[in-house]
Amino acid sequence: MSRVVFLLLPRLHLLDLAGPAQVFSTAAQLGYDYRLSYVAEQEDVPTAQGLPVRAGTVWPDLDPTDLVVVPGWRAPTLHRHGHVGPATIRRLTDHHAAGGTVASVCAGAALLGRAGLLDGRRCTTHHDLQDELARCHPRARVVRDVLYVVDDRVVTSAGIASGIDLALHLVAVRHGPAAAARVARSMVVYARRNGDEQQASTMLRHRGHLSDVVHRAQDLIDARFTQRLPLAALAASCKVSERTLTRRFTAATGLTPLRYQHLLRLERAEHLIGHGATAEAAAHAVGFEDARMLRRLRATRPTPARSTPPPSAPLSTP
């Protein structure tokens, strides 16, 4: 079981903590292997919103599969706030040196900077703090106007709600985009990606909606995209008519169900080809009878932006 340890500093923002914690606790409720712990240098930790929280003062044993998250705190200046002792700093550096991942939300990036973990790495923080972070840590490469940045097991986010995006990304990395979409759907939030990562996976890119019927259809297609999936059977599984499913699916994703399935096949085929498979072998692996359809899709692949949906078509492919 992977442990997620939240390091709590005085005047922390509740949502910086609660957002990522909710993602990992929801993932655990859905059957993924996470256990959450909370540590601080004192048991009672005041928050920026006035509600105190309690944490342990003894760190659990960590291994390289574990994650340490530093939520942000209210900080008029990064230089004068958020200080911890050298033993806590050493915990962060030792965990990363052992192969573990460390993450921050908002001002938490400043603590990673003091630990030397931002030196030579891309990072980000809340837009109000970016200039100061760059001044305090000139060896860090501060990236602006993004939700989060990942660089060599150091993950930093812009703050507040972007901590949810960061946590969903980490779930997707470990368990796949469908798992992250499932967690996001349970939390009734969008499954978003980093602003500078335009090539998001198809499963995540087209999950940014709140249509329960369409999510159910996508769950079925995600699980069986290499198989024949007649539109009638898919609609029956979602307890709507074929026409209603096609209309709602197109409105929510910009795609017909058939086009969505084709994009999943194309993405998987591209992965196989990138790992040495021939186009013919990749086409068969993803459910096509031969490589002709795959070549056609590769020649007309969509841009990362939301595409104009093609005319409705039955979801039944060879």
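This is a predicted model: local features need pLDDT of at least 70, side-chain atom pairs count only at pLDDT 80 or more; totals for chains, interfaces and linings use all residues.
View 1. Q130 belongs to helix 4, which covers residues 130–136; helices (H or I, at least four residues) and strands (E, at least two) are DSSP runs, numbered from the N terminus. Apart from residues up to four places away in sequence, Q130 touches T124, T125, V142, V143, R144 and D145, a contact being heavy atoms within 4.5 Å. With one of these residues, R144, the side chain of Q130 also makes a polar contact of 3.4 Å, that is, a pair of N or O atoms within 3.5 Å, of which, within protein, one must be able to donate a hydrogen and the other to accept it, while residues adjacent in sequence count only if both atoms are side-chain atoms.

**View 2. The cysteines C123 and C136.** The structure holds 0 disulfides, a disulfide being a pair of cysteine sulfur atoms within 2.5 Å. C123 is in no disulfide, and the cysteine sulfur nearest to its own, that of C136, is 12 Å away. C123 counts as buried, at 0% relative accessibility, whereas C136 is partly exposed, with a relative accessible area of 34%.

**View 3. R268 in helix 11.** R268 lies in helix 11, which covers residues 257–274, and counts as partly exposed because its relative accessibility is 39%. Leaving aside neighbours within four places in sequence, R268 is in contact with F225 and V286. R268 and A161 are 107 residues apart in sequence, and their C-alpha atoms are 31 Å apart in space.

**View 4. The chain around these sites.** The chain has 13 helices and 10 strands, and its C-alpha atoms fill a box of roughly 65 × 40 × 35 Å, taken along the principal axes. Buried residues make up 51% of the 318 residues, and of the contacts with a separation of 6 or more, 66% are between residues 24 or more positions apart.

**Notes to all views.** Residues are numbered from 1 along each chain as its sequence is written, and side-chain values use heavy atoms, with hydrogens and water left out. Local features need pLDDT of at least 70 and side-chain atom pairs count only at pLDDT 80 or more, while totals for chains, interfaces and linings use all residues.

Notes
Buried means under 20% relative accessible area, exposed over 50%, partly exposed in between (1.4 Å probe, protein chains only).
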